[in-house]
Amino acid sequence: MDDALTIFIISDSTGETAQTYLKSVTTQFPDLKTSVKRRSEIKTKEEIDEIFEEITEYSIIVPTMADKDLANYICEKAADKNIEVLAILEEGIKAVEKVTGQKAVRQVGLTRALSKDYFSMIEAIEFAIQYDDGKDPRGFLKSDIVLLGVSRTSKTPTTMILATKNYKVSNLPLVPESRLPNEIFDVDSDRLIGLIIDPEKLVNIREDRSKELGFEGQSKYSKENRIHDELNYAKEVFKDLDCKVIDVTNNTIEQTATQIIEYYKSKFGEEK
């Protein structure tokens, strides 16, 4: 047949999930002409009736309806018109219910909510990359959280973990010889978190890092006196900025991130 196969996506949400799924199906038929028509935000039987007036015999219907009555209504009308139905959402729900014994909540819009969370995470990760290591001080005032600390206190990896939790985080390395950017003094002190570490552990971490970089002997970077100076400077900065301080000496990165989130929620609640 030369006519294009018409695929009707009927969804109570956006129908994007079905469209993505269909692409993986139709690519297996390179010579097939298809026309995809997406009908979104469908909530009533009357709206479904109107859509069926458009549907011809050479069609496939792909419903993604959380409401079981509406999903059944589409299947019944399709059967009356002898039209094939590809009920990807309904079949998936049935399979999971059968195996687990649990009942689906069948709540409209959950997929969209998941997509929103996903894109928020991507945005937070991009933010973390853009404002990592204090390279653009303008990011401090845009941040949910700003991490401060000397080198090798896990600022960047902690920032990235927090980004996967949808927090917009920037960080600033503290170096005694470098002047603090003016922007940091305009940030709400409750959003500032200083990371501190035991000097002996930091010596070991920096020595290992120096070896990885191929430095011979003990560099200034890993000298104990230098590290003490840096940490004392950091403590002064934390005091001046009146920020929360977290000791990361015995923490994993995940534990530090958890402490930060708990502190953030105590100040700003569950919603960012």
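Modeller: First, the classes. Ala, Val, Leu, Ile, Met, Phe, Trp, Tyr, Cys and Pro count as nonpolar; Asp, Glu, Lys and Arg count as charged; the others, Gly among them, are polar. And keep in mind that this is a predicted model.

Biologist: OK. How do the residues lining the second largest pocket divide into nonpolar, polar and charged?

Modeller: There are 6 nonpolar, 4 polar and 4 charged residues in that lining. The lining has 14 residues.

Biologist: Which ones lie nearest the centre of the second largest pocket?

Modeller: Ser 151, Arg 152, Thr 153, Ser 154 and Lys 155. Two elements give two or more residues to the lining: H6 and helix H7 (199-212). H6 gives the most, with 3 residues.

Biologist: How much space lies in the second largest pocket?

Modeller: About 280 Å³.

Biologist: Where does UniProt place the "binding site" feature?

Modeller: The UniProt record, an unreviewed entry, puts "binding site" at Gly 149, Val 150, Ser 151, Arg 152, Thr 153, Ser 154, Lys 155 and Thr 156. From that set, Ser 151, Arg 152, Thr 153, Ser 154, Lys 155 and Thr 156 belong to the lining of the second largest pocket.

Biologist: Take Ser 151. Where is it found?

Modeller: Ser 151 sits in the loop between strand S5 (145-149) and helix H6 (155-164). Its relative accessibility is 27%, so it counts as partly exposed. Leaving out residues up to four places away in sequence, Ser 151 touches Leu 202, Arg 206, Tyr 221 and Glu 230.

Biologist: And what does Ser 154 touch?

Modeller: Leu 195 and Ile 253, again not counting residues up to four places away in sequence. Ser 154 is also in the loop between S5 and H6. It counts as partly exposed because its relative accessibility is 31%.

Biologist: Which element does Thr 156 lie in?

Modeller: Thr 156 lies in helix H6. At 33% relative accessibility, it is partly exposed. Its contacts are Asp 132 and Asn 171, not counting residues up to four places away in sequence.

Biologist: Switching to H2. Which of its residues are buried?

Modeller: In helix H2 (residues 45-52), Ile 48, Ile 51 and Phe 52 are buried. Seen down the helix axis, the buried residues of H2 fall within an arc of 100°, so they line one face. Glu 46 and Glu 50 are exposed on the other side of H2.

Biologist: What covers the buried residues of H2?

Modeller: The cover includes strand S1 (5-11), strand S2 (34-39), strand S3 (59-64) and helix H3 (68-80).

Biologist: How far apart in space are Ser 154 and Glu 47?

Modeller: 55 Å, C-alpha to C-alpha. In sequence, Ser 154 and Glu 47 are 107 residues apart.

Biologist: Backbone next. What is phi of Glu 41?

Modeller: Near 55°, a positive value in a residue other than glycine. Most residues other than glycine have a negative phi. Glu 41 lies in the loop between S2 and H2. It counts as partly exposed, at 34% relative accessibility.

Biologist: And phi of Asp 242?

Modeller: Near 55° as well, a positive value in a residue that is not glycine. Asp 242 is found in the loop between helix H8 (224-241) and strand S8 (244-247).

Biologist: Is Asp 242 buried or exposed?

Modeller: Asp 242 is exposed, because its relative accessible area is 58% and the cut-off for exposed is over 50%.

Key
Residues are numbered from 1 along each chain as its sequence is written. This is a predicted model: local features need pLDDT of at least 70, side-chain atom pairs count only at pLDDT 80 or more; totals for chains, interfaces and linings use all residues. Side-chain values use heavy atoms; hydrogens and water are left out. Buried means under 20% relative accessible area, exposed over 50%, partly exposed in between (1.4 Å probe, protein chains only). Helices (H or I, at least four residues) and strands (E, at least two) are DSSP runs, numbered from the N terminus. The arc is that of the directions from the helix axis to the C-beta atoms. Contact means heavy atoms within 4.5 Å. UniProt positions are given in the numbering used here, feature names are shortened, and annotations may be inferred rather than shown by experiment. On a 1 Å grid over the protein atoms alone, a cavity is a set of points where a 1.4 Å probe fits but cannot get out, and a pocket is an open set with protein on both sides within 12 Å along at least five of seven lines; lining residues have an atom within 4 Å of a point. Grid points are joined across faces, edges and corners, and a volume is the space filled by probe spheres set on the points.
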